[in-house]
Amino acid sequence: MKLFLVFIAAALLLGNLQAQDDIENEQVLPAEAQACVLPASPNAIPEDASYDDLVAAKKAVATFQGEIEVFRGCLKKAEENKDNTPGNLAAIVSSYNYSVEMEERVAERFNAAIRSYKERKAAEES
């Protein structure tokens, strides 16, 4: 009977420790990181973008990149909080990585518009 009680006590302790690990590893952005504002990506560039469209898009992309750097700086500051759990840190890293992917998509969209513009101009000159 005593062995049975020891087994139950050990199981309860292990369950509590495992629940604590689950809470610490749960990916939740801490409040400080939730206050960081992820900027919206710039408007889509028209398929048949003119030179003026590309100049405006370049300015919008540059503004976006500046705003995304501010977002990442805010995340970095939130990451430095000593009270963050491993799950908090993982959520911050996920947010940071998402911002990088977002910036890469915006850059690729802009570069595709430039390539398209150059191809159209080259075809007109031929």
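Glu-103 lies in helix α4, helices being DSSP runs of H or I of at least four residues, and strands runs of E of at least two, numbered from the N terminus. The model is a predicted one, in which local features need pLDDT of at least 70 and side-chain atom pairs count only at pLDDT 80 or more, while totals for chains, interfaces and linings use all residues. Residues are numbered from 1 along each chain as its sequence is written, and side-chain values use heavy atoms, with hydrogens and water left out.

Glu-103 has a relative accessible area of 18% and is therefore buried (buried, under 20% relative accessible area; exposed, over 50%; partly exposed, in between; 1.4 Å probe, protein chains only). Residues up to four places away in sequence aside, Glu-103 touches Phe-64, Gln-65, Ile-68 and Arg-72, contact meaning heavy atoms within 4.5 Å.

The protein has four helices and zero strands, in the sequence pattern α-α-α-α. The axes of α3 (residues 51-79) and α4 (residues 86-125) come within 11 Å and cross at roughly 170 degrees; axes are lines fitted to C-alpha atoms, for helices over the stretch in contact, and angles between N-to-C directions run from 0 to 180 degrees. Helix α3 is therefore roughly antiparallel to α4 (over 145 degrees; under 35 is roughly parallel, 65 to 115 roughly perpendicular and the rest oblique). The contact of α3 with α4 comprises 19 nonpolar, three polar and four charged residues, where Ala, Val, Leu, Ile, Met, Phe, Trp, Tyr, Cys and Pro count as nonpolar, Asp, Glu, Lys and Arg as charged, and the others, Gly among them, as polar.

The largest nonpolar core has twelve residues, including Ile-45, Leu-54, Phe-64, Met-102, Phe-110 and Tyr-117; such a core is a set of buried Ala, Val, Leu, Ile, Met, Phe, Trp, Tyr and Cys residues joined through side-chain atoms within 4.5 Å. Helices α3 and α4 each supply at least two residues of this core. Apart from neighbours within four places in sequence, Ile-45 contacts Leu-54, Ala-57, Arg-109, Phe-110 and Ala-113. A second, separate core of six residues includes Ala-33, Cys-36, Phe-71 and Ala-78.

Thr-85 is found in the loop between α3 and α4 and, at 23% relative accessibility, counts as partly exposed. The C-alpha atoms of Thr-85 and Gln-27, 58 residues apart along the chain, are separated by 8.9 Å.

Of the 126 residues of the protein, 23% count as buried. Among contacts between residues at least 6 apart in sequence, 83% join residues at least 24 apart.
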